[in-house]
Amino acid sequence: MSDQQNQSDVSPIDYASALERIGGDEDFLNELLELYTTEFSNHFEKLQDAIHKGDCQSIKDIGHTLKGSSANLSLIGLKEISYQMECAGQDKDINKAKDVLLILGKEFQRLKDYIDSR
Amino acid sequence: MKLNEFFVTIIRMKDQIKHQNNRVAIQVLIAEDDKVTMEILKKNLRGWGYNIVTVDTGQQAWKILKTGDIHMAVLDWIMPGMSGPELCQKVRQEKRDRYIYLILLTSKDNPKDIIQGLTAGADDYVTKPFNPHELKARLETGKRIILLESQLLESQNKLQEMATHDELTKLWNRRAIFQILDEEIIRSTRQHLPLGVIITDIDNFKRVNDTYGHQAGDVVLTEIASRLKKNVRKYDKVGRYGGDELFIILPNCNLVNLDFVGRRLQESINRKKIKTSQAEIHVTISLGGASSESAPDTPAEKLISESDKALLNAKKKGRNCFIISKKIQNQ
């Protein structure tokens with residue numbers, strides 16, 4: 001995952017583009033990021049559960065949902081990793097899903113650190 | 001109505017409808033299970049002046065689309081319960097009075113998926129992450145179509161009203177009332193119920209017109225139409241047969257009821273003068289009635305001709321009088 005290592009140097013969010021998408025309202029963007037982190041935690045737990053059960057359809061669906069909401073907030077890394085999760089579900093590749101889950105967790109932590117540091 | 005008057009009315013109608021449409025609040029359903037995307041959609045659509053209803057599953061969306069008054073819907077492609085394309089398909093399969101403009105929201109952007117969505121019945125699609133300016137413009141397109149449809153429906157309704165109603169009295173016109181009569185005869189025969197009819201006209205109406213003018217005559221005729229309507233049941237039909245002749249259809253009405261209704265109508269006119277700008281005028285009506293009670297297969301022509309003869313007899317008897325045809329009664 002050399003792409004991910006490279007991404008760790010860049011910001012987890014393209015702040016300017018996210019802000020533009022919601023009409024420049026910074027308070028609203030902060031609210032959305034807060035909502036995202038809460039939602040992410042729920043999805044992450046469901047993903048763990050789905051991987052444990054080998055429920056590939058759920059892995060694919062949750063990956064897809066996370067991809068969408070990450071994209072809307074310009075969370076570039078999270079969007080890409082969620083897409084990989086969706087593909088793992090699609091390909092019924094549980095081992096890949098397990099690997100991607102670890103990377104997803106790390107990238108999410110990076111976002112949390114970013115939010116806390118602001 | 002003359003042809004040029006008709007066109008002037010149509011043009012006026014179109015202007016009125018246009019004016020009304022500018023004030024129409026468009027109801028948009030947003031179906032999206034991702035809360036972040038939902039919040040962005042809600043904020044944007046409210047800001048653009050749409051009334052919104054939000055749901056987060058396909059089933060809830062279907063429930064609202066089926067029963068609610070929704071003009072446009074923004075549907076996420078993948079949702080729990082039912083997908084966006086499935087919803088589009090269900091909406092299009094249903095017979096509806098009004099069109100719902102459907103926009104799919106999707107992160108799928110390959111041509112195969114887009115074709116699948118549009119084939120399922122979507123009007124348009126927006127890819128995630130959506131650009132708000134693009135979404136706004138696409139919603140505007142939908143709004144234009146919805147407003148156009150609402151203009152068409154509105155003028156269709158008004159034309160329907162004009163084609164079936166008498167302009168002055170707002171009663172059913174001659175063609176409509178006889179069409180209703182044919183339908184009611186079929187229904188009464190099938191249900192083995194008696195059908196009553198009454199023809200009535202204003203006594204000495206020519207004298208009213210000659211003495212007080214035609215405008216006063218119009219007021220008298222309109223007031224009589226309104227009193228007759230108030231004095232029959234909701235499902236009875238009152239129409240304008242000719243100049244001052246009115247025709248009343250009374251489903252499930254036997255001879256006893258017919259007698260009762262006729263007298264009540266006669267009295268509703270006789271008991272109170274009619275106010276016109278010229279004077280308060282006392283007028284009376286004569287009525288002729290017939291019922292299919294004792295002759296269930298009586299055709300429309302017979303009911304009309306018998307009630308018409310009864311009306312002539314009522315006139316001969318000195319007016320302000322109600323007579324029921326004995327001919328059908330004795331058959």
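Figure 1. The secondary structure of chain A comes to six helices and zero strands, where helices (H or I, at least four residues) and strands (E, at least two) are DSSP runs numbered from the N terminus. Among the contacts of chain A with a separation of 6 or more, 58% are between residues 24 or more positions apart, two residues being in contact if their C-beta atoms, placed from the backbone, lie within 7 Å. Residues are numbered from 1 along each chain as its sequence is written, and chains are lettered from A, and ligands numbered from 1, in the order in which they are written. As this is a predicted model, local features need pLDDT of at least 70 and side-chain atom pairs count only at pLDDT 80 or more, whereas totals for chains, interfaces and linings use all residues.

**Figure 2. Confidence along the two chains.** The mean pLDDT, which is the predictor's confidence in each residue from 0 to 100, is 90 for chain A, with 92% of its residues reaching 70 or more. For chain B the mean pLDDT is 90, and 91% of its residues reach 70 or more. Where pLDDT is low, the predicted coordinates should not be read in detail. For the complex, the predictor gives an ipTM of 0.85 and a pTM of 0.70.

**Figure 3. Helix α6 of chain A and its covering.** Helix α6 (residues 94-117) of chain A has 24 residues and reaches 35 Å from its first C-alpha to its last, close to the 34 Å expected at 1.5 Å a residue, the expected span being 1.5 Å times one less than the number of residues. The buried residues of α6(A) are A:Ala97, A:Val100, A:Leu104, A:Glu107, A:Phe108 and A:Leu111, and what covers them includes α3, α4 and α5 (76-90) of chain A.

**Figure 4. A:Leu104 in its surroundings.** A:Leu104, which lies in helix α6 of chain A, is buried because 23 other C-beta atoms are within 10 Å. Not counting residues up to four places away in sequence, A:Leu104 touches A:Ile81 and A:Met85. A:Leu104 and A:Gln84 are 20 residues apart in sequence and 9.6 Å apart in space, C-alpha to C-alpha.

**Figure 5. The contact of chain A with chain B.** The contact takes 17 residues from chain A and 13 residues from chain B. On the side of chain A that touches chain B, α3 (26-53) and α4 (56-72) of chain A each supply at least two residues, and the largest share, eight residues, comes from α4(A). The residues of this side of chain A divide into seven nonpolar, six polar and four charged, where Ala, Val, Leu, Ile, Met, Phe, Trp, Tyr, Cys and Pro count as nonpolar, Asp, Glu, Lys and Arg as charged, and the others, Gly among them, as polar.

**Figure 6. The parallel sheet of chain B.** Five strands of chain B form an open sheet in the order β2-β1-β3-β4-β5 with parallel pairing, two strands being paired if DSSP finds at least two bridges between them. The edge strands, β2 (51-55) and β5 (124-127) of chain B, each pair on one side only, and the twist averages 20 degrees from one strand to the next. Strands β1 (residues 27-31) and β3 (residues 72-76) of chain B run parallel and are joined by four bridges, and the bridge partner of B:Ala31 in β3(B) is B:Leu75. Helix α3 (residues 58-67) of chain B packs on the sheet, touching β1, β2 and β3 of chain B, and its direction makes about 165 degrees with that of β1(B); axes are lines fitted to C-alpha atoms, for helices over the stretch in contact, and angles run from 0 to 180 degrees between N-to-C directions.

**Figure 7. Strand β11 of chain B between its partners.** Seven of the seven residues of strand β11 (residues 285-291) of chain B are buried, so this strand is largely enclosed by the rest of the structure. Both faces of β11(B) are covered, with B:Ile285, B:Leu287, B:Gly289 and B:Ser291 buried on one side and B:Ser286, B:Gly288 and B:Ala290 buried on the other. Strand β6 (residues 196-202) of chain B runs antiparallel to β11(B) and is joined to it by seven bridges, with B:Val197 standing opposite B:Ala290. Strand β12 (residues 322-324) of chain B pairs with β11(B) in the parallel sense over three bridges, and the bridge partner of B:Gly289 in β12(B) is B:Ile324.

Note on methods. Buried ≥ 20, exposed ≤ 12 C-beta atoms within 10 Å, placed from the backbone.
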